[in-house]
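Here is a short tour of one protein model. Keep the structure open as you read, and find each residue as it comes up.

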Amino acid sequence: MSEKIVTMQEKDLKKVSSKQLVGKVIVKFFLYAFLITMAVIIIFPFYWMLISSVKSLSEYRLSVPTLFPKEILWSNYVEAFNQATLGQLFMNTMYVGIVSTLLSLVITVLSAFAFARLEFKGKNALFAALLGTMMIPGELFTITNYETVNNFGWLNTYTVLIVPFLVSVFYIYLLKQNFMQIPDELYLAAKVDGTSDLKYLWKVMIPLALPTLISITILKMMGAWNSYIWPRLVANDAEHRLITNGLRNAFTDASGDVNIPVQMAAVAIVSLPLFLVFVFLRKYIMKGVSRSGIKG
């Protein structure tokens, strides 16, 4: 009798385990199907950009699009680089990005250190007011910012591309949260030894917060690389034009016709640096952001 009960229990366990196994297989199937579908949706525009960049204009305009070019024209990339003067656009964008990033890092580090370690009257109220500005869309400041820089005579200069966006409340908040994870005992011990605040910041806090600083540097450079609206409003002349604005009308002829394959080649060239940044530095971005929201 006991043997029959045992065998029945074993059969029931096998049925339950088989049902669980089938359930897991079904869940994984739909999960992977969803992930593959989303991956195709996300990757397809990039694939279309790349294959369009090596097509001829006549092939691109076919009524039935081809998923692979009949003839690969690498000359589109050479034509795109020369026609859009990408060398000058790259230099302008790199200059604005590097200078604005360095100055922004200085302001961000000093501000975050003041809010994280120094004690002064109204610190919490001031920081709350700064955080409140994050709730206001940046587009609302466009008109007032334009009037301000116009009164200063900064239009069509590098200054107007750099100065208005040196302060980022989000970066200050991100770094402040990271600084607050550093034990207070280190700061107190440094003060007992007679270490100045700036020396403590340089020798202790910055090395410990290096992943977050790397993340801020990458995000700031990417923001400068991708900026479009503000540079087009205030510095759209040939000498100061950035790369996003330079691609806007560089491939449009007098009749308004656009050479789409050559334009796609230019977009592929411009997208390459950001792609490389994502591939090689993504772990620093994730590490810096993940370390900044634990305490505080």
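A residue is called buried if its relative accessible area is under 20%, exposed if over 50%, and partly exposed in between, using a 1.4 Å probe and protein chains only. The model is predicted, so local features need pLDDT of at least 70 and side-chain atom pairs count only at pLDDT 80 or more, while totals for chains, interfaces and linings use all residues. Residues are numbered from 1 along each chain as its sequence is written, and side-chain values use heavy atoms, with hydrogens and water left out.

**The overall fold**

Start with the whole chain. The protein chain has 14 helices and 0 strands. Helices (H or I, at least four residues) and strands (E, at least two) are DSSP runs, numbered from the N terminus. Of the 296 residues in the protein chain, 31% are buried. Contact means heavy atoms within 4.5 Å. Among contacts in the protein chain with a separation of 6 or more, 71% join residues 24 or more positions apart.

Next, look for empty space. Rolling a probe the size of a water molecule over the atoms shows where empty space is left. The search uses a 1 Å grid over the protein atoms alone. A pocket is an open set of points with protein on both sides within 12 Å along at least five of seven lines, while a cavity is a set of points where a 1.4 Å probe fits but cannot get out. Lining residues have an atom within 4 Å of a point. Grid points are joined across faces, edges and corners, and a volume is the space filled by probe spheres set on the points.

The largest pocket has a volume of about 900 Å³. Its lining has 28 residues, and G138, P164, F165, V167 and K220 are the closest to its centre. Several helices supply at least two lining residues each, among them α4 (86-117), α5 (123-133) and α8 (169-179). Which helix gives the most to the lining of the largest pocket? That is α11, with 4 residues.

K220 sits in helix α11, which spans residues 210-226. Is K220 buried or exposed? K220 is buried, because its relative accessibility is 12%. Apart from residues up to four places away in sequence, K220 touches S100, T101, S104, F165 and Y171. A polar atom of the K220 side chain lies 2.7 Å from the backbone oxygen of F165. That is a polar contact: a pair of N or O atoms within 3.5 Å, where, within protein, one must be able to donate a hydrogen and the other to accept it, and residues adjacent in sequence count only if both atoms are side-chain atoms.

M221 is also in helix α11. M221 is partly exposed, because its relative accessible area is 23%. Beyond residues up to four places away in sequence, M221 touches M94, G97, I98 and T101.

**Aromatic rings**

Rings of Phe, Tyr and Trp (its six-membered ring) pair if their centres lie within 6.5 Å; planes under 30 degrees apart count as stacked, over 60 as edge-to-face and the rest as tilted. The whole structure holds 13 aromatic pairs. F170 and Y171 form a tilted one, at 5.8 Å centre to centre and 55° between the planes. F170 is partly exposed at 37% relative accessibility, whereas Y171 is buried at 11%.

Ring pairs also link F115, F120, F127 and Y173 into a cluster. K176 lies over the face of F127, 4.6 Å from the ring centre. A charge sits over a ring if NZ of Lys or CZ of Arg is within 6 Å of the ring centre and within 35 degrees of the ring normal.

**Positive phi angles**

Most residues other than glycine have a negative phi, and most peptide bonds are trans. T85, not a glycine, has a positive phi of about 45°. T85 is in the loop between α3 (75-83) and α4. N156 has a positive phi of about 60° and is not a glycine either. N156 lies in the loop between α6 and α7.

The table lists residue pairs with their C-alpha distances.

| Pair | Apart in sequence | C-alpha to C-alpha |
|---|---|---|
| M221 and L102 | 119 residues | 9.8 Å |
| R282 and I218 | 64 residues | 9.4 Å |
| N249 and Q263 | 14 residues | 9.4 Å |

R282 is in helix α14. N249 is in the loop between α13 (243-246) and α14 (260-290).
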